[in-house]
Amino acid sequence: MPLRFTDCSFSYRADTPVLDHLTVDFPEGCTVLLGPNGAGKSTLLSLGASALAPSTGSVTLGRADSVRRRDRRAYRQRVGWLPQDVKPIPALTVREQAAYVGWLKGLSKSEAWDRSADALNRVRLTELGGRKSHELSGGQLRRLGIAQTLVHQAEVVLLDEPTAGLDPVQRGVFRDLLAELSTSVHFIVSTHQTDDLAAIYDTVIVFDRGQPVFRGSVAEFFSAAPAGTAYERRAESAYRGLVRGEV
Ligand SMILES: Nc1ncnc2c1ncn2[C@@H]1O[C@H](COP(=O)(O)OP(=O)(O)OP(=O)(O)O)[C@@H](O)[C@H]1O
């Protein structure tokens, strides 16, 4: 079920639109969103999560429109969001936090509590379930963020730079987790990391100055690199050829 932005505009300040009548859809599977600093990726994901509202246009998941008041609750249940800074909720344990977010999304307390056990198991945090969430490391906290989206069984999960600042081992853990979960959840991942694209993603979207400048398979993305580019430099080279960068 694709997430679709249709004719979407958004500005933080009246004179500088970040998104200007943008139309783009995110297909099923695992999609990576690449783009330079300031391109508008986080803004796009915040709109996708319905944490921000567009000034024109719509953001839809199937028939549910995030902008339409009567659809909003259902829309938010179907979409999970991991912003750049996942926040521990003071005084709550890891399991309580996962359950609490499920409850906020409309589950009953008992349902949220029951599902939190399975969600923590899927992100390999069961053993830390009784620990206070503010005691988690950055990598563990991000896995808790994913567990929160699993509790309310989001169909589409938006991850904003989920591996920034993680050590190589934790990055590997996260990558394996995405691969495992992507059989049942559609992921849209904003990142600056272009290694491992082929191992994780089905679709690449490159965003620059509020507009998509590339949308295709990983193989098509690689083929945007000049002929003869060394194998390990294809992603970087293709990317450089597509974007103009920060103003
Ligand atoms: N809260 C805010 N208030 C005002 N301007 C903002 C705010 N958040 C982002 N912007 C501006 O909106 C534009 C897009 O920012 P955004 O964070 O969406 O880009 P990004 O592609 O996610 O960048 P990065 O890769 O650095 O995270 C930038 O010019 C940024 O300065």
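## A first look at the ligand site and the fold around it

Around the ligand sit Tyr 12, Val 18, Gly 35, Asn 37, Gly 38, Ala 39, Gly 40, Lys 41, Ser 42 and Thr 43, where a residue counts as near a molecule if its C-beta atom, placed from the backbone, lies within 6 Å of it. This is a predicted model, in which local features need pLDDT of at least 70 and side-chain atom pairs count only at pLDDT 80 or more, while totals for chains, interfaces and linings use all residues. Residues are numbered from 1 along each chain as its sequence is written.

The shell around the ligand splits by class as follows.

| Class | Residues in the shell |
|---|---|
| Nonpolar (Ala, Val, Leu, Ile, Met, Phe, Trp, Tyr, Cys, Pro) | three residues |
| Polar (the others, Gly among them) | six residues |

Helix 1 is largely enclosed by the rest of the structure, because six of its eight residues are buried. These are Lys 41, Thr 43, Leu 44, Leu 45, Leu 47 and Gly 48. Buried here means that 20 or more other C-beta atoms lie within 10 Å of the residue's own, with C-beta atoms placed from the backbone. Just after helix 1, Ser 50 has a positive phi of about 65 degrees.

Now for the whole protein. Nine helices and 10 strands make up its list of elements. Its radius of gyration is 18 Å, close to the 18 Å that the globule rule gives for 247 residues, so the protein is as compact as a globular protein of that length. That radius is taken over C-alpha atoms, and the rule is 2.2 Å times the number of residues to the power 0.38. Buried residues account for 40% of the 247.

Inside, the largest nonpolar core has 64 residues, and Ala 98, Ala 147 and Leu 158 touch the most other members. Such a core is a set of buried Ala, Val, Leu, Ile, Met, Phe, Trp, Tyr and Cys residues joined through C-beta atoms within 7 Å. Helix 5 (residues 138-151) gives the most to this core, with six residues.

As for confidence, the protein averages a pLDDT of 92, and 98% of the residues score at least 70; pLDDT is the predictor's confidence in each residue, from 0 to 100. The model scores ipTM 0.98 and pTM 0.93.

Methods:
Helices (H or I, at least four residues) and strands (E, at least two) are DSSP runs, numbered from the N terminus. A residue is buried if 20 or more other C-beta atoms lie within 10 Å of its own, exposed if 12 or fewer, and partly exposed in between; C-beta atoms are placed from the backbone.
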